[in-house]
Amino acid sequence: MAVGPRARLLGLAGLARERAGAGLLIPRCASVHTFGMRFALDLLFLDAEGNVVAVRRAVPPARLLGRRGARAVLELPAAPGGEIAPLRA
């Protein structure tokens with residue numbers, strides 16, 4: 001979970017795919033950028049209750065995306081084949 005200003009600004013940017021882990025939850029967020037990314041992302045925009053309100057798959061680097069009404073964004077390394085990777089506990 002991105003808790004500090006630096007973690008919120010950078011997200012998964014600059015990390016190798018292997019170091020990205022299962023992904024990153026960015027609370028209190030309705031938009032993200034993929035500048036500095038080394039791999040594509042699957043983005044899940046969540047409402048205040050944690051329900052998925054939008055999905056953007058395989059977003060390449062150097063993009064800016066947002067969703068009106070989103071209250072958090074889950075950044076996941078893009079899964080091969082266009083499927084959302086299953087979440088691991």
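1. Let's start inside the sheet: leucine 43 has glutamate 75 as its bridge partner in β6. In β4, the bridge partner of leucine 43 is arginine 56. Strands here, like helices, are DSSP runs numbered from the N terminus (E, at least two residues, for strands; H or I, at least four, for helices).

2. A quick word on what you're looking at: this is a predicted model, where local features need pLDDT of at least 70 and side-chain atom pairs count only at pLDDT 80 or more, while totals for chains, interfaces and linings use all residues. Residues are numbered from 1 along each chain as its sequence is written, and side-chain values use heavy atoms, with hydrogens and water left out.

3. Now the overall layout. You'll find 1 helix and 6 strands in the chain, and reading along the sequence gives α-β-β-β-β-β-β.

4. Which strands make up the open sheet, and in what order? It has 4 strands, running β1-β6-β3-β4 with antiparallel pairing. At the edges sit β1 and β4 (52-59), each pairing on one side only. Neighbouring strands of this sheet are turned by 15 degrees against each other on average, direction ignored (axes are lines fitted to C-alpha atoms, and angles run from 0 to 180 degrees between N-to-C directions).

5. Let's walk through the pairings. Two strands pair if DSSP finds at least two bridges between them. Strand β1 (residues 24-27) joins β6 in the antiparallel sense over 4 bridges, with proline 27 standing opposite alanine 72 in β6. Strand β3 (residues 41-46) and β6 are also antiparallel, over 6 bridges, and β3 pairs with β4 in the antiparallel sense over 5 bridges. As background, strands of a sheet pair through backbone hydrogen bonds, either parallel or antiparallel.

6. Is β6 mostly covered or uncovered? Mostly covered: 6 of the 6 residues in β6 (residues 72-77) are buried, where buried means under 20% relative accessible area (exposed is over 50%, partly exposed in between; 1.4 Å probe, protein chains only). Ala72, Leu74 and Leu76 point one way from β6, Val73, Glu75 and Pro77 point the other way, and all are buried. In a regular strand the side chains alternate between the two faces of the sheet.

7. Finally, some whole-chain numbers. Buried residues make up 36% of the 89 residues. Of the contacts (heavy atoms within 4.5 Å) with a separation of 6 or more, 60% come from residues 24 or more positions apart. The accessible surface of the chain is about 5,400 Å², and 56% of that belongs to carbon and sulfur atoms (Shrake-Rupley method, 1.4 Å probe; for residues, only the protein chains shown count as cover).
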